[in-house]
Amino acid sequence: MTTQSSSPSRWRFDTLALHGGDDPAYHPLGAHLPPIFPTTTYTFPDVETARATFAGERPGYVYARRGHPNADLMARKIALLEAFDFLQDGMPEDNAAHGLVFASGMAAITAAILARAQKADVILAPRVIYGTTYAFFTHVLPQWGLRVVWVDQGDLDAWERAFREHVRVTWAYIETPANPTLDITDIAGVVEIAHRYGAWVIADNTFATPYCQRPLALGVDVVVHSTTKYLSGHGQALGGAVISRDRDYITGPLLRMLLVLGGVMAPFEAWMTTMGMKTFALRMARHCENARTVAEYLAQHPKIARVYYPGLPDFPGHEIAKRQMHCFGGMVSFELKGGYDAGVRLMNSLRLPALGVSLGKTDSIIEHPASMTHAKIPPEERRAMGISDGLVRFSVGLEAAEDILADLDQALARI
Ligand SMILES: Cc1ncc(COP(=O)(O)O)c(C=O)c1O
């Protein structure tokens, strides 16, 4: 990580997304855009410089697994966006937040948790979370003597009870809105309870993004991202990020995890993500607008049993979402009255959204969890994760809303 700073602290969010984290050092020879540094090793003019660099007495790079300019620029940009509220309050950039980027969202999430967990520790988490994070909690952590206790995330009394009943809770894990049913967790509520018991709160902010929600300002200790989604924005680059206000956590145990587990972000992917982030604010505004239009259309459609979108007034988490989010994001899930078969027919009838996993890209993309991502999970377990047979997850893209609605209309008429 570099510690230099050059971007003004009081920029508006859109300007910060474009220019935040930039530094003249990233623009050699007057290059307008930062170059890509496809080098694994950094060399030194003499042994004295090498010694001082290894000792951390001067800034500089050593080996790309340990850090490189493209990763630093990307990490600084995301950290500044997550710290936007502190910057607006006049906090200096270098104190506001710190971050590291990883090769994928899962590399970031696993490193973030392991960096601060020991054998016999307990992690409190909801079941409605991204499927591979759920797999990490159910299959991998127990192998190393860590225990995950499931909590109903919408119920603050359940969080309080879980903390009271379990000693050695290191983490409270939240994902809000959650994948795929957009369940909302009261962030400040969980933070208040967790901090009373001496635990840290970690929030996956992939769905909301810092454009719509900034958990650090609500007291969360660590924010994780799959940058593969909205931050990168074009579906070209896998990536992840871990952001925290605690510099010691980032530069100590988390950096050690990056070094030893080796889930490092490649220079080209970091560069593409940084370039994608230049249009992040613009894209998010359109994603949110289109998602609201789609949610409102689906809410009045006779073949739809239920729409999951935090911006709809009758959505269970709406009041909390309104309090803690600046906007409601680009994801809409819905349940078809016709169940599994209707889900399959709808997928096969849509022409505009691509049928596939992942989300948060310029193009609309849709999936039917029961027949696709969650097909291997037994139906009872699937239901405990909030996934019914007729559930559809729609990542609403940047196309003209009229075209998205027309396509939904023709496909719904066929099921
Ligand atoms: C909410 C959420 N968190 C984490 C991940 C994992 O990210 P990645 O695929 O970049 O490893 C995903 C992937 O879909 C996700 O949706």
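Is Leu29 buried or exposed? Leu29 counts as exposed, with 5 C-beta neighbours inside 10 Å. Here a residue is buried if 20 or more other C-beta atoms lie within 10 Å of its own, exposed if 12 or fewer, and partly exposed in between, with C-beta atoms placed from the backbone. The model is a predicted one, in which local features need pLDDT of at least 70 and side-chain atom pairs count only at pLDDT 80 or more, while totals for chains, interfaces and linings use all residues. Residues are numbered from 1 along each chain as its sequence is written.

Leu29 sits in the loop between helix H1 (13-19) and helix H2 (47-54). Helices (H or I, at least four residues) and strands (E, at least two) are DSSP runs, numbered from the N terminus. The C-alpha atom of Leu29 is separated by 47 Å from that of Ala172, 143 residues apart along the chain.

Asp155 is partly exposed, having 15 other C-beta atoms within 10 Å.

Helix H3 (residues 69-82) has 14 residues. All 14 of the 14 are buried, so H3 is largely enclosed by the rest of the structure. At 1.5 Å a residue (times one less than the number of residues), H3 should span 20 Å. The end C-alpha atoms are 20 Å apart, which agrees.

The ligand is surrounded by 16 residues, of which the closest are Ser104, Gly105, Tyr130, Ser226 and Thr228. Helix H6 (105-114) and helix H7 (131-140) are the elements that give two or more residues to this shell. A residue is near a molecule if its C-beta atom, placed from the backbone, lies within 6 Å of it. The shell divides into four nonpolar, ten polar and two charged residues. Ala, Val, Leu, Ile, Met, Phe, Trp, Tyr, Cys and Pro count as nonpolar, Asp, Glu, Lys and Arg as charged, and the others, Gly among them, as polar.

H6 also packs in a helix pair. The axes of H6 and helix H11 (residues 247-261) come within 9 Å and cross at roughly 125 degrees. That makes H6 oblique to H11. Axes are lines fitted to C-alpha atoms, for helices over the stretch in contact, and angles run from 0 to 180 degrees between N-to-C directions. Angles under 35 degrees count as roughly parallel, over 145 as roughly antiparallel, 65 to 115 as roughly perpendicular and the rest as oblique.
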